[in-house]
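Take a look at the structure below. We will walk through one chain and then through two places where chains touch.

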Amino acid sequence: MLYALCFLLFMIGLYCAVVKKNMVKIVIGIMVMEYAVNLFLIMLGYRAGGEAPIIDKGHLESANEFAKFVSSSVDPLPQALVLTAIVISLGSLALMISICIRTYEKYGTFDITEIRRLKG
Amino acid sequence: MAEKEKNSNGVKGMTVIVKTISSWVKVLIFLFGIYIILFGHLTPGGGFAGGVIVAGSYVLLMLAFGREFVEENLSLPVASRLDCLGAFLFALIAILGLALGGSFFVNFLYQKYLPGEALNLISAGTIPLSNIAIGLKVAASLFLVIFTLSICCKDFKPGTPVNGKE
Amino acid sequence: MSIPLPVFIAVPLVTAFLLPVFSGLGRKGKAVATVLANLVTVSLLVMAVASIGQFRVYEVGKWPIPLGINLVLDGLSSLLLLAISVVSAAAMLFSARYMEQYTAKAKFLCLFLLMVAGMNGVVLSGDIFNLFVFLEIASLASYALVGFGCEHEELEASFKYMVLGSIGSIFILFAVALVYGNTGSLNMAYISKAIQSSGLNAGLSFAMALFVVGFGLKAALVPFHAWLPDAHPSAPAPISAMLSGILIKTLGIYALARVVFNVFGVSVSMGWLLVALGLLSMVAGAFLAIGQGDFKRLLAYSSISQIGYVVLGIGLGGLIIARAGNSITAKELAWASLAILGGLFHLVNHAVYKSLLFLTSGSVQMSTGTRQLKQMGGLAEKLPFTRATCTVASASIVGIPPFSGFWSKLILVIAAIQAHFYWVAAIIVFVSLCTLIMYLKVQRYVFLGELPENLQQSKEAKNSMLVAMIFLACLCVLMGLLVLVPSLRSHILNPAVKVLTDGLEYSTKIINM
Amino acid sequence: MAIFYTLLLFMIIAAIIAVETKNLLSAVICVGAIGFGGSLMFLFLRAPDIAITQIVVEVLGLIILIRATISRDLTFITGDREFFGTVVSVVIIFVIFLAGVKILETKPVEEIQEIRKSQPQFVTLPDFGTAIFDVAPEAASQTYISQGLEKTGAANLVASVILDFRAYDTLGEATVLFTAIIGATVILRRKSRKLLEDAD
């Protein structure tokens, strides 16, 4: 059920990016989609009652402790992927916003229905 | 929010209280960012988070004192060079792996020269070095983008929108 | 001679990291940057030629898969690498002079090299998340390059392209997440192995659909093509050449073919879907192109139409293989190979002649200052070299016998007829006729007719631009040899075709390396 | 478990407000709310690295977004959308959502293992709270957890994955950021064209 809610978040973002006519709204829609995907990836790696995948002194004291860590640590791979994805989304956000600002300067509006020089 | 608005409309900086506090906090944020970068291989965080925090300390200064003040400390060309330097250092670590370890991105320090001791600051070979390079890169580039955006916003005069159908 | 595979990515990347430093150094710095960037593209071309016909797997950081990331160079990758490096070398040479009309040249060169590095990364990657990352590099660089002129149209086109491109990227990322959630692996060979032993479930099928939409958006196949006719004309000419010539193929077609054929395995419905998308793109692109009055927009629509041929060829091959299933006969395999050969050969041909056409359009635009066909005319005597190269490229794209386009279309028609898809063959011929009409229109309006008063001072393009155009024109004439000479075909095209016809054997080959 | 539902519902409500509000500034602030909700969620999902990164990236992202919306005279959206197009998109998106709910349904790990024992096949995602590598024995993550420290020397396993096992991805990611920043400075530059005569 949590996955489905996460998918709902994704769909809200998609709706916003496809339907809305305001450039900033479209950017917001894309950001919401990115949050949803990131959240989905992290949720895939979660283990109920798990620990963060960071080893500290306590875990290395005995083989038993370490085995307990191995059996309860959450999956580090999706976390690494999400770290990458977050930075990518930050980069594309910066680029997208700079395009928006320049377009606003040229046209004086954020409304894409008024920005129609190019015929689809 | 209102204060920020004032700033981006071209008023130089904020009130004295904000300025004093942010000049103190700035140092703390900066040091915290450095800590996050350096201990990225032992505790949560790492190059990205730390780099963004370091960039954040400069952004705070920019919001509180105005753009010109920050520009005296860290000018745009310098930030751009630092950005390139960080990216280049990270690529260099990869290439050193090829040269010294036999494959791209081999952790040659850990495997050959400096194994270090687990859970110590000096451990994990090239991982802390990569963290530093990425931290430098991320801090410089985010500072750069926010700075460029603020210049653009300032030059723009809201009263005179250029209409598309001129 | 074996070059470590990451060099293909590291060389342009490191150069790109260093280039912005030159932007503050005045005219001399700009000259050095230009020379450096050209050296990089030429050396990439040399390396790509040197690595033809090899099959290599490179484990980054010496971590065995699935722990680490691997780079794979097989027939398909080296074909694409060759195409990328040819087009980028020509476009880079062209931009040395052409980009003088814009500011911030060092940053342009930097973005150009980043785009090349991203495409090389996509082509060589053997890991699905890594493919996504490098796809993002190439896409982000292209968004910025489309808006490079910073005028009204450029910005609007760039925004449209960026929104659709980002949605495509997020779809791909979501599909990667679903694949990871179901198979627990990110390495393409391991995913493929898992799918072979365990089949598909609903989640993986949905991931497949997301991949098709995402890569379809990047490739501008017809229902997803809205951004292309704006983005490609708005970019500076060398970038239009890169985008139309190679970017949509690498990020769209290559990635789609790799995922469909080598990872998920092609099914009958997927084959039909690809055939349908291909036919739709061909017909719609051709009809829309005929009506255009803008030189570069016409070329852009024509790109959609030509991409359709490639997808059609690949899809037809996949359809034949999937329909036959395990009991595939030698005859059917030969048909499928022929169809895929046609598609891939058309991909390479189109890369060369469409980039040449965009370069000539840039040369025309530079000397006349307009892109409207109606405002030009009689440029044949003013721009003799541009005219000659444009004619060669048009003859190629239309499919006049000795030129390259003829051979790929012929192969596609033969394959369709052999496999009893007569109506497909008919559509291919029909679209070729439409293509003929649109390029006759280009010749008529641009080069023939009367020279308008205001274009009396038009000047021919200068040195480096000419060299680039003539280089590509020579390739257009000679490309036919790729299929006609058996030894060339068995070294360059056949290994690429074999990668796709072998399908899921990709995984066993890589895991057993 | 309840905490996840609460946070996710909070994020969804914030997203709906961000999508539907007419005031751009409140929309941007709602995006901030989604981001901070997400960051808390990451913390509870035992991903402190991501939580830290998300929260700092969120702050900077918000500053960038506010830069774009503030000091613009048009922070309110005027004009209505086409009604028909909206309804069609809502219907399409709702259908995809229903399909997605079906696709994302889960089963307990034991049940999946039981099914896979008789015949190797993919069933569904394992239930929330169980990792993929419990079902897929070949997954790399098991090795990352049990041998990551020994193989790379980094106690933070996420760091060992992003900077050693999958460092090549991170190079790509740093390059994406680099590309985006160069692209942004290119888009925002003052003067884009010059007369050709200057160049000769």
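Two residues are in contact if their C-beta atoms, placed from the backbone, lie within 7 Å. In chain C, 81% of the contacts with a separation of 6 or more join residues 24 or more positions apart. This is a predicted model: local features need pLDDT of at least 70, side-chain atom pairs count only at pLDDT 80 or more, and totals for chains, interfaces and linings use all residues. Residues are numbered from 1 along each chain as its sequence is written, while chains are lettered from A and ligands numbered from 1 in the order in which they are written.

Stay with chain C. The C-alpha trace spans about 70 × 55 × 40 Å along its principal axes. Of the 513 residues in chain C, 67% are buried (20 or more other C-beta atoms, placed from the backbone, within 10 Å of a residue's own).

Now turn to chains D and A. Their contact takes 77 residues from chain D and 70 residues from chain A. On the side of chain D that touches chain A, 51 residues are nonpolar, 19 polar and 7 charged. Here Ala, Val, Leu, Ile, Met, Phe, Trp, Tyr, Cys and Pro count as nonpolar, Asp, Glu, Lys and Arg as charged, and the others, Gly among them, as polar.

Chains A and C also meet. Among the residues of α4(A) in this contact are Met96(A) and Ile99(A). Among those of α6(C) are Phe159(C) and Met162(C). By class, the contact of α4(A) with α6(C) has 11 nonpolar, 5 polar and 3 charged residues. Helices are DSSP runs (H or I, at least four residues), numbered from the N terminus.

Terms used:
Helices (H or I, at least four residues) and strands (E, at least two) are DSSP runs, numbered from the N terminus. A residue is buried if 20 or more other C-beta atoms lie within 10 Å of its own, exposed if 12 or fewer, and partly exposed in between; C-beta atoms are placed from the backbone.
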